Amino acid sequence: MNEAILTLNAGSSSIKFALFAHQVPLYQNPEVSGQIDGIGAHAHFVARDHFGNLIEQCDLQMPATGQHRVAVHFLHLIEHRRVPLPIY
């Protein structure tokens, strides 16, 4: 598996994501999924593997206006954790 499809669902206070292996047929279960919720208040990040096992969970300490830091932290974890796949 060399490539992946990243799906994002961004709301006013959360970002949900799922990373699918790019293959035929496309599996219904993502390789990694999770969310950042509480954006603008008490942000919290959770990511799980395709078995539902916890990969990462943490509170994101930041000012209420720091939504961009949430996105940067999210991308950093995707890039440097258990997802050795290029995202396009």
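Biologist: Which residues is Asp-49 in contact with, leaving aside its neighbours within four places in sequence?

Modeller: In this predicted model, Asp-49 is in contact with Glu-31 and Ile-55 once those neighbours are left aside, where contact means heavy atoms within 4.5 Å. Asp-49 itself lies in strand E4, which covers residues 43-49.

Biologist: Why is the pair formed by the rings of Phe-17 and Phe-45 called stacked?

Modeller: The structure holds one aromatic pair. The ring centres of Phe-17 and Phe-45 are 5.9 Å apart, against a limit of 6.5 Å for pairing, and their planes stand at 10 degrees, whereas stacking requires under 30 degrees, so the pair is stacked. Phe-17 lies in strand E2 (residues 14-21) and Phe-45 in strand E4, so the pair ties together parts that are 28 residues apart in sequence.

Biologist: How do you know that Phe-17 and Phe-45 are buried?

Modeller: Phe-17 has a relative accessible area of 4% and Phe-45 one of 1%; buried means under 20%, so both residues qualify.

Biologist: Which residues touch the most other members of the largest nonpolar core?

Modeller: Of its 13 residues, these are Phe-17, Val-32, Ile-36, Phe-45, Ala-47 and Leu-60, while the elements giving two or more residues to this core are E2, E3, E4 and E5.

Definitions and conventions. Residues are numbered from 1 along each chain as its sequence is written. This is a predicted model: local features need pLDDT of at least 70, side-chain atom pairs count only at pLDDT 80 or more; totals for chains, interfaces and linings use all residues. Side-chain values use heavy atoms; hydrogens and water are left out. Helices (H or I, at least four residues) and strands (E, at least two) are DSSP runs, numbered from the N terminus. Rings of Phe, Tyr and Trp (its six-membered ring) pair if their centres lie within 6.5 Å; planes under 30 degrees apart count as stacked, over 60 as edge-to-face and the rest as tilted. Buried means under 20% relative accessible area, exposed over 50%, partly exposed in between (1.4 Å probe, protein chains only). A nonpolar core is a set of buried Ala, Val, Leu, Ile, Met, Phe, Trp, Tyr and Cys residues joined through side-chain atoms within 4.5 Å.
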